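Thanks for joining. I'll take you through a helix contact and some aromatic rings. Here is the structure.

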Amino acid sequence: MVGMSFLRTAAAFTARLNPLKRPCQASNLLSRTVARSEQVVVRHGSHGKRMFIIKPTDFYDRRFLHLLKYYIILTGIPMAALVTFVNVFIGESELAEIPEGYEPEHWEYYKHPITRWIARTFYDSPVKDYEKMMALIQIEAEKAEMRQLQLEVRRHMREKGDGPWFQIQTLDKNLIDHSPKSSPDN
Amino acid sequence: MPKDHDKDVYPEPPSRTPVEDRQSSLPNPALILSKLFYYSVDLPVTAFRDIVEGIQSGKRSHYYHQKFRRVPELTQCQEGDYVCYYEAEMQWRRDYKVDQEIVKVIQERLRACQQREGPSYRQNCYKELQQFEQVSKAFQSRYGDLGAYASARKCLMKQKERMMAEQQQA
């Protein structure tokens with residue numbers, strides 16, 4: 001019973017302190033007393049009493065978000081304006097049949113004007129890339145063929161010995177001095 | 001507005017809306033909603049589009065679909081002719097993309113048909129179902145499990161395996 005009263009007083013105390021949970025506490029029901037209302041009816045000409053609310057710092061979070069928005073908008077708005085103007089004033093291309101005897105340029109195969117501009121200014125035509133790749137393949141194929149041929153020729157010349165490779169130069173026969181061995185009794 | 005798809009290519013069956021025979025004097029909610037949508041969304045959007053087209057009128061450039069010449073396939077290349085291999089490979093890759101798009105078109109037709117017919121699609125869309133089944137079976141048998149690094153050679157080897165399996169069965 002004493003513990004109950006202690007709990008009751010503790011609950012009433014905490015209820016009074018906590019500004020959020022004011023009405024209808026269990027302590028009211030148990031003790032059948034009306035909670036002492038602390039809300040004095042005073043009308044200020046302002047937004048009420050100024051409070052110093054203690055909370056953890058949000059300086060770093062707000063600074064981060066501010067910088068994020070700033071740097072995104074810095075180039076975002078010019079890009080958005082550019083794309084809007086291109087879409088409104090230049091507009092996308094229309095699909096058409098290739099006229100007789102006309103070879104379209106490589107950028108004329110794209111629809112959007114910015115894509116066409118990029119293809120025209122920066123990229124090589126796909127035909128050129130294709131031909132470059134085929135040229136590289138041709139060069140490599142010829143190199144491989146040359147290497148195979150060289151190995152084959154080397155094998156032949158080593159075997160037969162009558163080709164220009166694998167020959168060791170010896171001295172000229174005319175330079176040999178036969179005089180020590182020219183007469184039998186010396 | 002960008003032109004809508006050609007209605008003759010994917011023909012929809014004629015709609016069978018019954019003749020209206022209203023007998024109540026309450027306002028028709030469908031009519032109200034459609035008028036609301038028209039005045040709040042359709043008119044402003046169409047007006048904006050007309051203004052934009054007025055600004056752009058006459059200066060339209062054209063874009064074309066590229067036409068590629070046919071080159072000898074992998075089976076018609078000499079052995080060791082790597083340039084021929086490269087051209088055949090590129091042609092096979094273009095054909096692979098085209099076949100993927102074909103399958104997508106057939107899928108789209110089936111989906112549209114199912115959406116139109118509702119619960120009785122299995123009976124009413126029989127042609128589209130058969131077409132889709134045929135096309136997807138063919139695609140699976142030719143390009144099925146080639147994987148991400150598919151190439152013309154792998155496809156050729158798959159075809160060889162298929163022909164060998166058929167011969168064994170026969």
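How many residues apart in helix H4 of chain B are Phe139(B) and Tyr143(B)? Four, so about one helical turn separates Phe139(B) and Tyr143(B). Keep in mind that this is a predicted model.

Rings next. Over all chains, the structure holds 13 aromatic pairs. Take chain A to begin with. Trp117(A) and Phe122(A) pair edge-to-face, at 5.4 Å centre to centre and 80° between the planes. Trp117(A) is partly exposed, at 43% relative accessible area. Phe122(A) counts as exposed, at 56%.

Now back to chain B. Phe139(B) and Tyr143(B) form a tilted pair, with 5.2 Å between centres and 50° between planes. Tyr143(B) is buried, at a relative accessible area of 3%. One aromatic cluster takes in Trp92(B), Tyr96(B), Phe139(B) and Tyr143(B).

On to the helices. The axes of H2 (residues 82-117) and H4 (residues 126-143) of chain B come within 10 Å and cross at roughly 155°. Angles over 145 degrees count as roughly antiparallel, so H2(B) is roughly antiparallel to H4(B). The crossing is left-handed. Contact residues from H2(B) include Trp92(B), Tyr96(B) and Leu110(B). From H4(B), they include Phe132(B), Phe139(B) and Tyr143(B). The contact divides into 11 nonpolar, three polar and five charged residues.

Last stop: Glu89(B), also in helix H2 of chain B. Is Glu89(B) buried or exposed? Buried, because its relative accessibility is 14%, and buried means under 20%. Leaving out residues up to four places away in sequence, Glu89(B) touches Ala150(B), Ser151(B), Ala152(B) and Arg153(B).

Key:
Residues are numbered from 1 along each chain as its sequence is written. Chains are lettered from A and ligands numbered from 1 in the order in which they are written. This is a predicted model: local features need pLDDT of at least 70, side-chain atom pairs count only at pLDDT 80 or more; totals for chains, interfaces and linings use all residues. Side-chain values use heavy atoms; hydrogens and water are left out. Axes are lines fitted to C-alpha atoms, for helices over the stretch in contact, and angles run from 0 to 180 degrees between N-to-C directions. Helices (H or I, at least four residues) and strands (E, at least two) are DSSP runs, numbered from the N terminus. Angles under 35 degrees count as roughly parallel, over 145 as roughly antiparallel, 65 to 115 as roughly perpendicular and the rest as oblique. A crossing is left-handed if the near helix is turned anticlockwise from the far one by less than a right angle, and right-handed if clockwise. Contact means heavy atoms within 4.5 Å. Ala, Val, Leu, Ile, Met, Phe, Trp, Tyr, Cys and Pro count as nonpolar, Asp, Glu, Lys and Arg as charged, and the others, Gly among them, as polar. Buried means under 20% relative accessible area, exposed over 50%, partly exposed in between (1.4 Å probe, protein chains only). Rings of Phe, Tyr and Trp (its six-membered ring) pair if their centres lie within 6.5 Å; planes under 30 degrees apart count as stacked, over 60 as edge-to-face and the rest as tilted.
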